[in-house]
Structure formats: C-alpha cells, structure tokens
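Dear colleague,

I am passing on a structure for you to look through, and my notes on it follow directly below.

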Amino acid sequence: MTAYLLFGGTFNPFHLGHLAVIHAARDVFPHAQCVLIPNFQPPHKDKLSIAPKHRHQMLHIVCKQYGFQLSDIETNRKGVSWTIDTVQEWRKNNPTSPLKLVIGSDSFLS
C-alpha cells in the first residue's frame, strides 16, 4: 500500500525551499510517494504572477526530475483551493492509503 506525502501550495514559483521541505519529509517517511498539488487560487493571496497552467507545467518538470507525482486535483477544481477539500477528495480516491500533509514554513507560521 502506497503512503502519500501531499504537498500543496502556490508554487509561484517552485524554489529550493520547497525542495528542502520535501527532502526533510522524505527523510522521515522514506517510502512515501511525494505528490505536488499546485492550487488554482490560494485563499490568502489575491493575485498570482504565474497562471495555474504555467505553474502546473513547471511542476511537471520538477516531478519528472525528482520522481515526484503531480496532481491536478486543485487546478481542475478551479476557484479557491481549500486544503480540507483536497484531502477529502484524495481520501475518497485513496481510502486506505496513509496520508501525510506537508506544508511550507510560510503556511506553518500563519
């Protein structure tokens, strides 16, 4: 059974800080599959400098390079991306898989 590290965010753009968080999570959960989930519109930011489709394309390259999985669960939903909605939808599609929610320091501090 696959365990998942769900790492959602704006990724506007993806940077080394994101990569450091992922590597730290994988140190703790080495057998879990990391899933990057770019949001469509974060609830705490008004306007993003990079469109959702371009952030998704950027993350596609990152995932290919590092062996992560990319999910379009939030960009397909459109509108404001609430974490609880994403976790509930992920759980519905993966009812028995262990989930770990990974968040960046900016979200953790606020």
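**Charges, fold and one serine**

The protein chain carries 11 positive and 7 negative side chains, with the centres of the two sets 5 Å apart; here Lys and Arg count as positive and Asp and Glu as negative, while His and the chain ends are not counted, and each charge is placed at NZ of Lys, CZ of Arg, CG of Asp or CD of Glu.

Please note that this is a predicted model, in which local features need pLDDT of at least 70 and side-chain atom pairs count only at pLDDT 80 or more, whereas totals for chains, interfaces and linings use all residues. Residues are numbered from 1 along each chain as its sequence is written, and side-chain values use heavy atoms, leaving out hydrogens and water.

The protein chain has 5 helices and 4 strands, arranged along the sequence as β-α-β-α-β-α-α-β-α, where helices (H or I, at least four residues) and strands (E, at least two) are DSSP runs numbered from the N terminus. Of its 110 residues, 35% count as buried, that is, under 20% relative accessible area with a 1.4 Å probe and protein chains only.

Ser-97 lies in the loop between α4 (83-93) and β4 (99-102), and it is buried, with a relative accessible area of 10%. Leaving aside residues up to four places away in sequence, Ser-97 touches Met-1, Thr-2, Tyr-4 and Arg-91, a contact being heavy atoms within 4.5 Å. For Thr-2, the side chain of Ser-97 reaches the backbone oxygen at 3.2 Å.

With kind regards

Methods. Buried means under 20% relative accessible area, exposed over 50%, partly exposed in between (1.4 Å probe, protein chains only). A polar contact is a pair of N or O atoms within 3.5 Å; within protein, one must be able to donate a hydrogen and the other to accept it, and residues adjacent in sequence count only if both atoms are side-chain atoms.
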